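Trainee: I've got a model open on my screen and I'd like to learn how to read it. Can you walk me through it?

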Amino acid sequence: MLIYLDMCCFNRPFDDQTQLLVHLQTQAKLFVQENIRAGEFNLAWSSILDLENSANPDVERSKAIAEWRFFATHDVAITEQVEELADTLQTVGIKSMDALHLACAITIGADYFLTTDKAILRKMVKDERIQVRDPVEFLGEYTGADDENGY
């Protein structure tokens with residue numbers, strides 16, 4: 001399973017963990033990362049992740065996120081195809097940087113795009129090209145916790 005995590009997702013563990021949703025998203029994201037390390041999931045990476053991460057003023061946080069590049073099994077470059085797809089995604093209200101992330105994930109053939117960005121989640125809920133999920137939603141689907149019995 002190929003997964004693309006956007007920068008919001010990578011940054012979630014550094015956010016205020018006293019908020020329940022933030023804490024749950026962090027735990028779900030850490031589960032995904034553990035499975036990437038174990039080889040259960042494949043991580044997709046892009047130069048957009050590098051670009052956005054390099055703008056982070058917190059050097060330690062940026063360094064911790066950048067290390068995930070080494071776990072990536074797939075790396076997508078910004079091509080004309082990616083840029084055209086990003087332009088199309090912007091027409092439905094996706095912000096430019098987010099559109100580039102999504103275009104990279106779709107172009108590389110990622111199964112899932114994980115984000116904590118509510119706007120992306122709302123606008124991409126029924127996209128046929130990729131499953132866009134909050135980390136907690138993904139965890140529920142992956143473990144079967146969202147089945148008809150609710151567990």
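Mentor: We'll go from the sheet to its helices, then to the rings and the core.

Mentor: A bit of housekeeping: this is a predicted model, where local features need pLDDT of at least 70, side-chain atom pairs count only at pLDDT 80 or more, and totals for chains, interfaces and linings use all residues. Residues are numbered from 1 along each chain as its sequence is written, and side-chain values use heavy atoms, with hydrogens and water left out.

Trainee: Which order do the strands of the sheet come in?

Mentor: Some terms to begin with. Strands (E, at least two residues) and helices (H or I, at least four) are DSSP runs, numbered from the N terminus, and two strands pair if DSSP finds at least two bridges between them. Here five strands make an open sheet, S3-S2-S1-S4-S5, with parallel pairing. Its edges are S3 (72–76) and S5 (131–133), each of which pairs on one side only. From one strand to the next, the twist averages 30 degrees; angles like this run from 0 to 180 degrees between N-to-C directions, with axes as lines fitted to C-alpha atoms, for helices over the stretch in contact.

Trainee: How many bridges join S1 to S2, and how many join S1 to S4?

Mentor: S1 and S2 (residues 42–46) run parallel and are joined by three bridges. Leu2, for one, has Asn42 as its bridge partner in S2. S1 and S4 also run parallel, again with three bridges, and Tyr4 has Phe113 as its partner in S4.

Trainee: Are the residues on the two faces of S1 buried or exposed?

Mentor: In a regular strand, side chains alternate between the two faces of the sheet. Buried means under 20% relative accessible area, exposed over 50%, and partly exposed in between (1.4 Å probe, protein chains only). In S1, Leu2 and Tyr4 on one side and Ile3 and Leu5 on the other are all buried, so both faces are covered.

Trainee: Which strands does helix H8 touch?

Mentor: Contact means heavy atoms within 4.5 Å. H8 packs on the sheet and touches S1, S4 and S5, with its direction at about 120 degrees to that of S5. Leu139 sits in H8 and is partly exposed, at 23% relative accessible area. Not counting residues up to four places away in sequence, Leu139 touches Ala28 and Phe31. Ala28 is 111 residues from Leu139 along the chain, yet their C-alpha atoms are separated by 6.2 Å.

Trainee: How many aromatic pairs are there?

Mentor: Rings of Phe, Tyr and Trp (its six-membered ring) pair if their centres lie within 6.5 Å; planes under 30 degrees apart are stacked, over 60 edge-to-face, and the rest tilted. That rule gives eight aromatic pairs. One of them is Tyr4 with Phe113, stacked at 5.5 Å centre to centre and 10 degrees between the planes. That pair links distant parts of the chain, with Tyr4 in S1 (residues 2–5) and Phe113 in S4 (residues 112–114), 109 residues apart. Tyr4 is buried, at 0% relative accessible area, and Phe113 is buried too, also at 0%.

Trainee: Why does the pair of Phe138 and Tyr142 count as stacked?

Mentor: Because their planes are at 15 degrees, with ring centres 5.9 Å apart. Both lie in H8 (residues 135–143), four residues apart, or about one turn of the helix. Phe138 is buried at 1% relative accessibility, whereas Tyr142 is partly exposed at 35%.

Trainee: Which residues touch the most other members of the largest nonpolar core?

Mentor: A nonpolar core is a set of buried Ala, Val, Leu, Ile, Met, Phe, Trp, Tyr and Cys residues joined through side-chain atoms within 4.5 Å. The largest one has 39 residues, and Leu5 and Phe10 touch the most other members. H6 gives the largest share of this core, six residues.

Trainee: What span should helix H6 have?

Mentor: The expected span is 1.5 Å times one less than the number of residues. For the 13 residues of H6 (residues 96–108) that is 18 Å, and the end C-alpha atoms are 18 Å apart, which agrees. Gly109 follows H6, with a positive phi near 85 degrees.
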